[in-house]
Amino acid sequence: MTESPRGGNFGSSALLRQIAICVGLLMSVQAARGDGSGGTAAADFLRLEIGAASTAQGGAFAGRSGGVEVFAYNPAGLARAERHEITFQHTSALLDIRQEYLAGVMRMSRWTAAGSLSYHAGGEQIRRTISNPSGAGLPGFHNDALAVSLGLATAFGDAFSVGGTVKIFKEQLDTAKRNGFALDLGLHYLFANGAYEAGAVIRNIGPQVKFDRAGEDLPLELALGASARFLNDRLRLSGELDMARAQDIRGKAGIEYRVIDFLVLRAGYNSRIELGSGVSAGLGIPIGNLLFDYAWVDHGLAGDAHRAALTVGF
């Protein structure tokens with residue numbers, strides 16, 4: 001259930017700020033899509049889905065609000081958090097790829113703060129050289145990444161909220177290393193006392209980074225999302241459109257149904273997933289202040305991905 005929104009009266013000055021931010025987001029659509037001339041995308045791990053509940057629903061969380069799970073998708077949704085939360089997530093994916101994620105959300109009187117630590121291990125790669133193109137007998141190498149994120153969100157009146165996230169990351173490819181930072185800026189709006197939600201977020205705003213001499217752009221993207229609740233909040237539908245730099249528009253969709261108080265079933269589709277069908281599924285088991293979530297994602301012949309998360313609320 002969505003809590004009673006925090007925040008004071010939504011006066012004229014706040015309304016002007018809302019309009020200005022919305023215009024800025026809309027004007028950034030073309031910038032987010034790009035023309036492909038800015039180089040390849042660096043730190044692409046920043047676009048990976050995070051959270052088992054969201055992944056099971058195709059990652060369609062740009063228009064969602066609530067607890068710690070929305071932090072990675074749209075920081076503005078944090079303003080509607082109902083409690084403090086801590087979550088830990090483990091992902092096992094194709095080609096020995098794995099991801100570890102730890103995050104927390106803290107409610108305050110006016111603001112909601114969040115932080116996270118994410119580690120991505122790309123699995124061992126085959127080292128190939130001109131003299132040994134097969135890589136036989138050569139030691140392998142790894143592609144790893146680490147990111148620390150801090151976010152803040154606040155609500156203006158009963159419906160509108162804004163939020164932002166600062167991300168500092170480090171990537172390592174064999175012996176080469178690079179550091180960088182990125183920003184996420186989001187908006188969120190509630191309709192009909194929270195039965196309907198909409199959000200917009202620009203993710204991964206930041207300067208180019210480089211391993212050697214050639215600079216690479218960050219995976220800048222604009223996401224527009226919406227969500228709706230039905231059947232006394234037992235059924236929830238979500239959708240999202242992603243417009244990334246130099247890529248086609250991609251869609252995401254998810255469904256969540258609370259069968260009984262301690263069992264939630266989920267399914268989704270993510271057109272951004274090119275290996276496999278893009279179909280996902282999962283479940284949630286809430287027990288008191290604990291929530292266990294699991295997600296499965298089809299990657300075709302490359303193998304399935306599995307994600308598990310444990311969230312504690314207090």
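**A buried residue and the cavities**

Mentor: Glu197 is buried, with a relative accessible area of 2%; buried means under 20% relative accessible area, exposed over 50%, and partly exposed in between, with a 1.4 Å probe and protein chains only. This is a predicted model, in which local features need pLDDT of at least 70, side-chain atom pairs count only at pLDDT 80 or more, and totals for chains, interfaces and linings use all residues. Residues are numbered from 1 along each chain as its sequence is written, and side-chain values use heavy atoms, with hydrogens and water left out.

Trainee: Which side chains does a polar contact join to that of Glu197?

Mentor: A polar contact is a pair of N or O atoms within 3.5 Å; within protein, one must be able to donate a hydrogen and the other to accept it, and residues adjacent in sequence count only if both atoms are side-chain atoms. The side chain of Glu197 has such a contact of 2.5 Å with that of Ser65 and another of 2.8 Å with that of His188.

Trainee: How many cavities of 30 Å³ or more are there?

Mentor: On a 1 Å grid over the protein atoms alone, a cavity is a set of points where a 1.4 Å probe fits but cannot get out, and lining residues have an atom within 4 Å of a point. Points are joined across faces, edges and corners, and a volume is the space filled by probe spheres set on them. There are two such cavities. The largest has a volume of about 280 Å³; of its 22 lining residues, those closest to its centre include Leu46 and Lys167.

Technical notes:
On a 1 Å grid over the protein atoms alone, a cavity is a set of points where a 1.4 Å probe fits but cannot get out, and a pocket is an open set with protein on both sides within 12 Å along at least five of seven lines; lining residues have an atom within 4 Å of a point.
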